[in-house]
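Me: I am new to this structure and would like a close look at a single part of it. Please take me through that part slowly, in one connected answer.

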Amino acid sequence: MKSKLAVKGIFGSGMVLQRNKINCVYGVADGYTDVMMTFRGVTSITQSDEFGNWKLEFSPGEAGGPFEMVIKADGERLDYSDVFVGEVWVSSGQSNAQLPMERMRFSYPEEFALPENPRIRMLTVPIRWALDGEKDCLDDSSGAKWLAASPENLGGMSGTAYFFAKRLSEELDVPVGIINASQGGSPIASWLSKSALEEMGDKREYLEQLEEFENPENVLKKQREVAEAQKSWDFDLNRHCVFPDTDSDDGWISCKIPGYIDALDSAGVVYLKKDVILSAEQAAHFNSQKTWLWLGTIVDADTAYVNGSQVGSTPYCYPPRRYEVPKGLLREGRNVIILKIQKNSKQGRIRFYEEKPYCLFTEGVFVAPTAVRNVENHAEGLFPLDGEYIALDGEWKLLVERKIRDCPSQVFFEWMPTALYNGMLAPCFMHAVAGVLWYQGESDAGHAQEYKAMLVKLINLWRHKFVYGAKDLPFVIVQLPNWSDGHGEDVAMVSSGWADTRQAQFDAAEIAGRSGLAVTIDAGEWNDLHPEKKKTVGNRSAMEALRVAYGKTFISAAPRADSCEQKDGAILIHFDCGNSGLAAYRITEKDSADFSKPGTAVHGFSLLYESDGKLTAVETQGILKDSSTVEVVLKPSAGTLKEVRYLWADSPNPVNLYSHNQLPAMPFKFKIG
């Protein structure tokens, strides 16, 4: 006989409950049945209604754990073990909120060497979309669990949320639980309710899209169409592909990696090959240690082979290609690396991104996984006596294998309006939380003003729906980092989608109130949409949480320009640095840096001029005057000066204006006159 007693929401063994607040556990049982919960020696009782629904409100008390919880009803019993009480935060957004620590194993190897930390817990909400209203529990088949940070579990945890929780736990000296509800590529509309979109009054396009797919038959029809088209394309793409003769150069042409490859003027397949000659000693070293083949990132998809054996495959463009080469595969003499690369459309270009590592190396050799820019330093490469490193950039051979029509378009139902709000977020609403960490905006960077309004709406909506959180539930918004998709990095841009979105995030935080902004303009990678500097992001977000949610007034926000004055042929910008002060890093040839004295150049300023209705952005120099002021040098007139701007670009470089507590100054623009 199937048990009637069940708990809904996200309750489970290993969970964290919000300390010193009213919490709620709810579920179903037989109708009109007494339900009892015992936790920390206190028993609470309620009765289910005629439909079997019940709800218990309780206070879990001060931080601590682990504890046991028992829920009973009519002879049935549910046991929950390893329960902690502390601070609970929701972490949500798109791929950078989701990006797991496994992707950052080479950036933060020290984290994977740590023992289990039972005071850091995370529930990764399974990806589920729904267009038919709010769900009140997780999918039973998902297997979702609250997990402690440990060498076994860390790889699957969100990097941003992990570092956020770790810093918060250290500073507050309490357990921290993270509800990670995030999904790559998701636009903000997928995290809003239908009623919220209706209330905004100008979201007809979203509502029409939703209306079509609220009908399950339309969903099934579209899924079948997409699947059939993709299956046909995949078949046509691969049916004539023949693995190339690696011993012959007939038909092969020279190309260089990294860079663009324009030999294929349609969708299709190309092969690339490179010979690697190894001495007996080198081959022995490679085969006695873990060996890695790194190939940067590749547009669009690839499969990699070493001496005819497949060592890795990636179906889309974003992940860094880091393939382990099995022991015994490399040999003395000639070795051949083959890449089968798939290009999905005529308009696209096969690309190997610059400033990515392209190499074959043993695990004892340090290879910086990300590009070094701004004022950061990485350790120098270490080449132990028995280690091997072979650079693979430079000349390769290329063979065009297959030309084909464009890949059919995809439909991602999880990106539909309301889809993730209903399927992933709604089951969490009854869990008591302390605040929200929001890292999203990349998918909405083309319409900043609309995004600002939608973000304010989202904050107000979530504050209403998380009923066991504060009415002004704290939000920490991660401001978009630097990124340019590898195309141009001029600071002086008339229009920048990412800069406009950063401004929209700042404005939304100001309008919503009790919201912090984690400034990460220096924590991105110009050539990677998924930067690995998540420790920087997590730490800065945690400091904002401490300031906004926990009243730690000694913590200052990032420097913020609050006024400007035109004087004596220059513009003086005053910054609010809280209890800190401004300093400019002096950029050297080796990208090392020291805080500098007044008079040091500040990079990243530009002036917006208008002449005959045309706008022009002109780069200029800033000069650090004192601990709160930067002087911006005016250029010879190029028309009417309209604005002074700072870091107004998708991926400004370098960034060198910081507070003494090492927070970068916020990007901004001020109107003049």
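**A close look at one residue**

Reply: This is a predicted model, and the part to begin with is the side chain of Tyr 26, where the backbone oxygen of Asp 136 lies 2.9 Å from a polar atom of that side chain. A polar atom of the Tyr 26 side chain also has the backbone nitrogen of Gly 9 at 3.5 Å. Tyr 26 itself belongs to strand E3, which covers residues 23-28. Is Tyr 26 buried or exposed? Tyr 26 counts as buried because its relative accessible area is 13%, and the cut-off for that word is under 20%.

The surroundings of Tyr 26 can be read from its contacts, leaving aside residues up to four places away in sequence. Tyr 26 touches Ala 6, Val 7, Lys 8 and Gly 9, and its partners also include Trp 54 and Lys 55. Asp 136, whose backbone oxygen was named above, is among the residues touched, as are Pro 427 and Met 430. For a sense of distance across the model, Tyr 26 and Phe 605 are separated by 579 residues in sequence and by 55 Å in space, taken from C-alpha to C-alpha.

For context elsewhere in the model, helix H9 (residues 448-465) and helix H10 (residues 497-512) have axes that come within 8 Å and cross at roughly 35°, and the crossing of H9 past H10 is right-handed. Among the residues making this contact are Tyr 451 and Leu 455 of H9, together with Ala 504 and Ile 511 of H10. The residues of the contact of H9 with H10 divide into 9 nonpolar, 2 polar and 4 charged.

Terms used: Residues are numbered from 1 along each chain as its sequence is written. This is a predicted model: local features need pLDDT of at least 70, side-chain atom pairs count only at pLDDT 80 or more; totals for chains, interfaces and linings use all residues. Side-chain values use heavy atoms; hydrogens and water are left out. Helices (H or I, at least four residues) and strands (E, at least two) are DSSP runs, numbered from the N terminus. Buried means under 20% relative accessible area, exposed over 50%, partly exposed in between (1.4 Å probe, protein chains only). Contact means heavy atoms within 4.5 Å. A polar contact is a pair of N or O atoms within 3.5 Å; within protein, one must be able to donate a hydrogen and the other to accept it, and residues adjacent in sequence count only if both atoms are side-chain atoms. Axes are lines fitted to C-alpha atoms, for helices over the stretch in contact, and angles run from 0 to 180 degrees between N-to-C directions. A crossing is left-handed if the near helix is turned anticlockwise from the far one by less than a right angle, and right-handed if clockwise. Ala, Val, Leu, Ile, Met, Phe, Trp, Tyr, Cys and Pro count as nonpolar, Asp, Glu, Lys and Arg as charged, and the others, Gly among them, as polar.
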